[in-house]
Each structure stands twice: as structure tokens, then as C-alpha cells.
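Student: I have a structure open and would like to walk through a few of its details with you. Could we take it one piece at a time?
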Amino acid sequence: MTTDTETTSGAARRESGGAVRRYLAALRTPRGAIGAGLLGLLVLLAVLAPVLFPGGYDDQGDNALAGASGAHWMGTDELGRDIVARTIFGLRTDLTLLLTAVPASAVIGTLMGLAGVISRWLGAGMQRLLDVILGFPGIVLGMSVVLVLGTGWSALFVSILVIGLPLFGRQARAGLQVEQEREYVLAARVLGVRRRTVLTRHVLPNIVDPIVVNAAVYMVVAVFIEAGLSIVGLGIQPPIPSLGAMLNTGARYLEVHPAYVMGPGLVLLLLTLAFTLLSNALNKAVLRR
Amino acid sequence: MNAVPQTIVPETRHDEENALLEVRGLRTEFRAAGGTVCAVNDVSLAVRRGKVLGVVGESGSGKSVTARSILRMVPEPGRVVGGEVLFEGRDLLGLSEPNMRALRGSEIAMVFQDPQSALNPVLTVGYQVAEALIVHGVDRRTARRRALELLQQVGIPDAERRIDDYPYQFSGGMRQRVVIAIALAGSPSLLIADEPTTALDVTIQAQILRLLGRLRDELDIAVLMITHDMGVVAETCDDVVVMYGGRVVEQGPAEMIFSRQEHPYTADLLKAMPRMDEDGMRRLPAIPGAPPDPAALPSGCAFHPRCRLAEDECRTTVPELAPRGGTGQAAACWVTGRGAAIPPLDRAPADGGDRPGPGGTSLLSVENVRVNVASERRSLFGRPDPVYAVDGVSLSVAGGETVGLVGESGCGKSTLARTIVGINRPAEGTVRVGPDGVDAFTGAGTRPLRSTVQYVFQDPYASLNPRRTVRQSLGEALEMRGVPRGARAAEASELMRRVGLNEGYLDRYPHAFSGGQRQRIGIARALAVQPKVLICDEPVSALDVSIQAQIINLLESLRDDLGLGYLFIAHDLSVVRHLSDRVAVMYLGKIVETGPVDAVYSSPQHPYTVALMSSSPAPDTTARDRERIVLTGDLPSPKNPPSGCRFRTRCPIGPLTHPERRICAEEEPPLAETPHGQLAACHFASEMAVLS
């Protein structure tokens, strides 16, 4: 028998662990750390909103459109409500929406992309369905959802979910097609491993990276979908605050009360920045492998 | 870094003015976050006018970086940090960038390995050749006329018509000719060819090597040829430089290097290569270990951990390249430098003396299998015409027996292998497995198929899931055999020992292993289900030369210890000769010759077999002047195979040379017995025996 004389050339190299471990490694890069810290701060603010502002978001004072003061740091809106409180509660609305709708979109989209495993026709059919979705501009799609579901949180949730499907569905299908021809997938098939096991054990772990990165990128897009639909008045309805709706109303008072748009605008900026940095860091960590 | 010994450029028989390119003490470093990697260290070499210099080495030896350093095209973050590159007396390292650019293409040109990516797919070949002239100041009309001349010169048939074709309309060999035409456009005096034939099949390789030789003779062009293939060097090169670990370890005229090696690496590497003219009764004397990682070179002589002659001095001090014997040969070795000869290395007989040998019942038999590869592509608009990549193939493998399956890319050998294990479905025919001959494609046959036949893949980097540890990969296979969870750890350790790996590596991920080690893991995974037959699909062709012998030896001892049968697929005829008991030669979906390995190799009967053997380069300069049969043209498409004998469009004894032989086009020759004991499918089978 031969003996082991070959040197393990890469022994010193870092072991690449599971997906979660690699994502955590991404958070240790400067970008990842800033992005995650910023996002953590925003989530904390949103969670603590009722504690920070026991008065809630629709406590109407008598001073409408007041400037900054000790009681109201950024002044009040057209109904005399505190802008800071409404911004933080708006952030709470947006984060709830993003952190549920985007993962839902990623999961459903991925499943649609992998449908080809069940049958060729189902896979091809799903892709055509995704093509149809892709054929509509996001805003038109969102408006049609509103027509069916009416305005409100659920319409936004569905809009964000549906608009994201082609992104994840195509990504998953492309990954599947590459992985299906990989020799380790063939090796598993030659061993007689069941299709479902091949899928979860060999295919999914190798295509999940670009999907996670895409999900982080899509968070940023989703913020704009919410804002876009709210700006045309089809988003979250008053009195519940959302960042998009506040920007929409605040824009009317831009000349008399510029701080009105600055509050939600600044938070939106920070939220976008956080997700952009995170997706960048994830992308780099994943590609470096 | 070690102290760099001052290299004395060896006194060579080639005088100074004869050297077109002279590299002295070249040093190229790659600076990365982890530290500096010295890829090329104190390399000196000379290319004589109108001669071919071969630079040979394994992966990581620095041969390609040397070539790129000469052209000052080292990829980031690499940098040439020392030495001189004298081209006709000018130091290229001191030239300004515009001057260097003017020189590239006009005086020194490069031919790349992969003709697929060396040509721009959206431009016609004529334009791409002409462009090489236009950038050096030739007007368009002249450039086009010259482009046509060049395409004719490199042997593109019907060049007037094909000049406006796009690269995808050409075969791989023809594309490489176009790449060479582009290189020739500026009438360079030096051609740097980086593995110019590695991506090509043997019969096409022979065409390209012949073309390079002709260009050298007709145009007096010098060639710097980078290669890993000792056979190519022996066939084409006048001088040889052997690199290892970023340094030149041996250099000299080709005849000297092949007849008497002065460095143990060169000597043992040549010994470790299977030969087409030697049977496989003895094990190959493999060099232990793997080529070093350039980022972690051993101290002293980089070869010392693998060298059977290593002494203390070798471990601490780098030996300098010193002339040997006044014939222009030089080597960097302390031991041979003192005048000691390299002791001969005898091939050990196979362990246990006589191997049990093939015997008994067939464990795998393929009967008349046809595979339609177009059936996958059926669309909404109906089925495309069938394309039979495998068209009526029968063969069988018994326990302890190795059946070699040889053929060029596109002949259907991998399709056949994948069909046997059920990845592709046959359109016709059956595959029977096990002693009882169960039909593998019935419901009852799936289990026997999985437990009898397993597959070893070509690319050790792609055949293991990067996300799973070795233990998980082996565990999956053991699970399929039905080994209970508790017993898997012990079985996995046993498998690792079997394939010669440390069981302590079980919890590592694939990227921590070298190519040879990964191939061992791939073999262990296949063995985990205790199969009777292994299908080895080019298992050594992606490995470094010095590793190939280790894997071949491993496969041999596994076969003899476990009584395994192998269907061994390869394009390398010497490897097949060494391992096989019987051999089958495939051409365009059909077996054209099959029989006992000795009969086929000693007296091939089919003209294609003869041509394959004749095209395979042998690592021996004395074989250089042998009569060679170089096939013309390319493999036809299986979509539309030639009528009658499929080989007739390239056959040296067919209608091409004997127009009266109409039978070749009209009637398909059956596999018929020949006087030497093998079967051959040729109407004029015995005729080739005279030529070979």
C-alpha cells in the first residue's frame, strides 16, 4: 500500500466552515462591522420606540409645523405630532416589513427556481411566470397588488415579496443548472443518494451564498419600493407612520419646515447605508472563498 | 529568503552572438498580504536563433511566470525584481512601456494555451490576424492580404473562404493555428508558446507540433516552449530547461538531458512516466510527495524532501547551477556535483509477484449501447434529430481486469461511462452488472448497479463538495451501503488508510488537500460501497506528472488486493498500456479496435490506432526521427457521421489516398478478428501492420 507522503499544502489555510460561520466572518471586516452596527442600532431604536416615546406617534399637540425645540427636537408635523417619534415609529414599520417580506421573497423565489428538480416542465413554467413578473415595472406591479388587497401593510408586504421573486428565482435556477453538472453531484447520484438529499446536501449549500448577498441588496431596493408606493399614496395609510409616507407628506412642507423630511430622510439614508455595507461585506467574503 | 548564490551562466557551446534571448538571474516576486512569494528565483536561460528551447516543470515551478516576465506581462501583484532579459543585446526590463509594446507582437510573439479564450468570439479570424499587423502600422488592404497569406501558411484549408469566418466556426486545432497566425503576423524572431498543445487531442497536437517545427525551419523563428509534457519536449526541442520550485535545476541540449540526467528530479521524473513500449508488469517508481507550494518552499534545494539522494547540505544550502561534462549540460545538485552518478532506479515488481490476473465471470457487460445526447434538448417545438454520441458499443469487464478505453475528445468515451452508471439513459442496448448479469436499467437493477459499479472522476478539484469534510463525503457513501452510523467512523479511517492518506485528515475540507490527495479521497469514496468495478474517467490526466505515477500505483494495488475490475478511460496511450489487460479504441461513437493490450500495441490493425500511437509523443529523443503518421483534419461531428466507415474522411489508407476504395464510403466495416488476436473494424485491416 502506498504511504501518505504528500504534504498537505493547504494545511495552514483557514478551514472554511459552514455558511453561518462564513457570514459571521464577513461581519468582522470593517464594512461588515459598520453595516451590522448601524443596522443593530436602528433595530434597537425601532424595538425600543414605545419605551423611548411613551406618548406614541399620534400624540397631537397644539403646535402644528413647529420648529425644533426642547420638547420636539425636530419640531412637529402638520398635525402637531413629534417628528422624531414618528420617524422612529416609521422605522419600526419599515423594518418589520423588510425583515419579513424580503426573506419570504428569497425563500419562495428560491423554491420557484428549484422547481425544475421536480419536472422539467414545472421548472420551465416557473421561469416563464417569473418572466411575466419581470415584465411589469415594480410600481405598476405594486399598484395592481393594491387594487386587489387595498392599501396597507399587507399590500406592501405582497408587493415587496412578488417584485423580488424573479431576482431569487433566476439566481437559484442558474445555480441549480451549474451545480447539477458538478462532479460531486454526479458522484452522489452514482452512489444512489436520493434526489431530495442531493438537493439539500450538495446543491443548496453551494448556491445559498449569492442568494444571501442578493437578499441584502434587495433590502435596499425594498426600502425604495415602500417609499415609492407611499409617495404616490398607496403605501402605509395614516395615522400609522412609515418613512416613505412621512417623506411624501413632508415634501409638501419642504419650504416652510425642512426638518420634516430630514428626519425620515436621514433614517432612510442610514438604513440603506447599513444594508449596502452589509451586502458588500457578504459579497466580498463569499467571493474570496 | 535564502542567500541567492551568484549563478555563473554555464559555459555553453552556443556562443554569445548565437543567443537571441538571454535571461540572466531573473527574479519575480508576488507581494500579497500573507508575505512575498518568489515565483521565479534566479533563473538564467538562453534561446538560440532558430532553435526551440523547452522549459519544463510541474505546477508551481515558475515556468509560466518566467515566460510572462520576459514579456513584462506578469499579472498583479507580481513584479520582476531582479535580473536581465537581453533580447538581441537590449535589456527588455529597462525599456520604456511604449518601446516594449512596439516590441511585443513584432519581435516577440506569444501563443497561448487555450485557443478558445485567446480569440475574440465577436471578430472574424481574418480581422484578428490583420489587427496584429494594423497595430504595428500596416495599412488595411496590405494587412488583409498578408492575413490571408498567414492563414494559408499555418495550414487553414480553403483560407480565402474562411478568412471571414468567426472563431466558433473553427475546431480547437484550427483555432490554435489561427492563434499562431496572429503571432506570426509581425514576423517575430521569437515565439513564446505557453503549453500550446495541452488543450488539444493527440492527433491534433501532432499537427500543431509539426507546424511549429516547420515554421522554425522555414522562417528561422526561435521558440520558447513552456510545457509540462516531457514527450513534447523530446519531440520538438533543441535545448531544455527543467524548472522546479522557481529555479532551474537542470539544463542542456535535449539529447543530453534525455540520455543522461544530472539532476535526480529529471532522472526520477522520466523514470516515473509509463512508457508506451513497456508492459505494465512492474510498478512505476513514483517520486514521493507533491511539487512544493511556491509560498512555502523547503529550505536548501527545493527538491530535497522528495529526493532519494538528499544529504544534509541539500537541506540547508541552495546548490548552484554548474556545468557538467563540457557538453552544454548544467545541473544544480550537490550530490551529482561531486561526480556521483544517480543510481539507477529499478521498477519494483508488483507486490506479491504474479497478480491474480483477470479471470472469471464478467461483472459488467455493455451490449450494443447507443446513447442519444440530443434527447435532453427537446423543446416545445418537438424533438431534434437524434445525435448518437455512442453508437452501438459492446464491452465487458471481469473482476481483477483492467479494460482500457482510448479515444480523442468527442469520441463518446465519457458519455459511455456516464451511461453505464445511469447518469445518461441509453436509447438502445443493455448494461448488465454482477455475476448474474442483472439488467441495470430495470427497477430491480438499480441497487445492484449502485453497489457493483462506482465512478472515479477526472477533476479532483470538482469531484468533492467544497462544503463537506472528507468524513462527511465518505460517510454519505457508507450510508448508501447501509453501514450503521456507529460503524462509519472506523470504516472511514480504514478507507483513508487504504488509499494512503492519514486518517487524521478526515475532518478537513477538500481545499486543504493537493490534487493527488483529492484524487485519493475520490477513490476512497468510490470504494466505500465495496464495488466490484470502478469506472475511472481520466483519473490522472489533471494531475502533475510526478503525482500520476502515485495514483496509477494506488489503482494497481487496489485492483490486485481487492480483485476490482476497471474500465479505465484515458487519452494517454502510455498510461493505458501500463494498466490495461485489454484495450478498446473508440472513434466517433464506435469501437474501431479491441483486443489484448499486447496485441493492439505491438501490431495495431486499424489505421486510427496506428495514427494515435504514432502521434503520441514519447519522452525519448531517439524516437524523434521515426516515421510518423499525422492525421489530417478534425473529428467529424457525431450529428452527421460519414457514411460507411466513419474514419474514412481522415484515413491514411482510405479513399483519401486510394480513390478506388469505394467500399469505405459504402459499407460499414464490422469488428472482425485479425490474425493477431484482436478485433478491428477496417476493410483493409492488415495493411497498417506494414506501416507501423
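Student: Let's start with B:Glu160: is it buried or exposed?

Tutor: B:Glu160 is exposed, because 11 other C-beta atoms lie within 10 Å of its own, and a residue counts as exposed if that number is 12 or fewer. Please keep in mind throughout that this is a predicted model.

Student: And where does B:Glu160 sit in the fold?

Tutor: B:Glu160 belongs to helix H6 of chain B, which covers residues 159-162.

Student: How far is B:Glu160 from B:Leu478, in sequence and in space?

Tutor: The two are 318 residues apart along the sequence, and from C-alpha to C-alpha the separation of B:Glu160 and B:Leu478 in space is 61 Å.

Student: Switching to strands, what surrounds strand E3 of chain B, and which strands does it pair with?

Tutor: Strand E3 of chain B, residues 52-56, is mostly covered, with five of its five residues buried. B:Val52, B:Gly54 and B:Val56 point one way from the strand, while B:Leu53 and B:Val55 point the other way. As for partners, E3(B) pairs in the parallel sense with strand E8 (residues 222-227) of chain B over five bridges, and also in the parallel sense with strand E9 (residues 239-244) of chain B, over four bridges.

Student: Which residues stand opposite B:Val55 in those partners?

Tutor: In E8(B) the bridge partner of B:Val55 is B:Ile226, and in E9(B) B:Val55 stands opposite B:Val241.

Student: What about the open sheet with E13 in it, what's the strand order?

Tutor: That sheet has four strands in chain B, in the order E14-E13-E16-E17, and the pairing is antiparallel. Strands E14 (388-398) and E17 (438-439) each have a single partner strand, so one side of each is left without a neighbour in the sheet. Further in, five bridges join E13 (residues 362-372) to E16 (residues 428-433) in chain B, and B:Arg370 stands opposite B:Glu428 in E16(B).

Student: Why does B:Ser187 count as partly exposed?

Tutor: B:Ser187 counts as partly exposed because it has 14 C-beta neighbours inside 10 Å.

Student: Last topic: how do H5 and H7 of chain A pack?

Tutor: Helix H5 (residues 120-135) and helix H7 (residues 153-180) of chain A pack at an angle of about 140 degrees, with their axes 9 Å apart. That angle makes H5(A) oblique to H7(A), and H5(A) passes H7(A) in a left-handed crossing.

Student: What kinds of residues make up that contact of H5(A) with H7(A)?

Tutor: The residues in contact include A:Met126 and A:Leu130 from H5(A), and A:Val162 and A:Arg173 from H7(A). The contact divides into seven nonpolar, two polar and two charged residues.

Note on methods: Residues numbered from 1 in each chain as written. Chains lettered and ligands numbered in written order. Predicted model: local features only at pLDDT ≥ 70, side-chain atom pairs only at ≥ 80, totals over all residues. Axes fitted to C-alpha atoms, helices over the stretch in contact; angles between N-to-C directions. Helix = DSSP H or I, 4+ residues; strand = E, 2+ residues; numbered from the N terminus. Parallel < 35°, antiparallel > 145°, perpendicular 65-115°, else oblique. Left-handed = near helix turned anticlockwise from the far one by under 90°. Contact = placed C-beta atoms within 7 Å. Nonpolar A, V, L, I, M, F, W, Y, C, P; charged D, E, K, R; others polar. Buried ≥ 20, exposed ≤ 12 C-beta atoms within 10 Å, placed from the backbone. Pairing = 2+ DSSP bridges.
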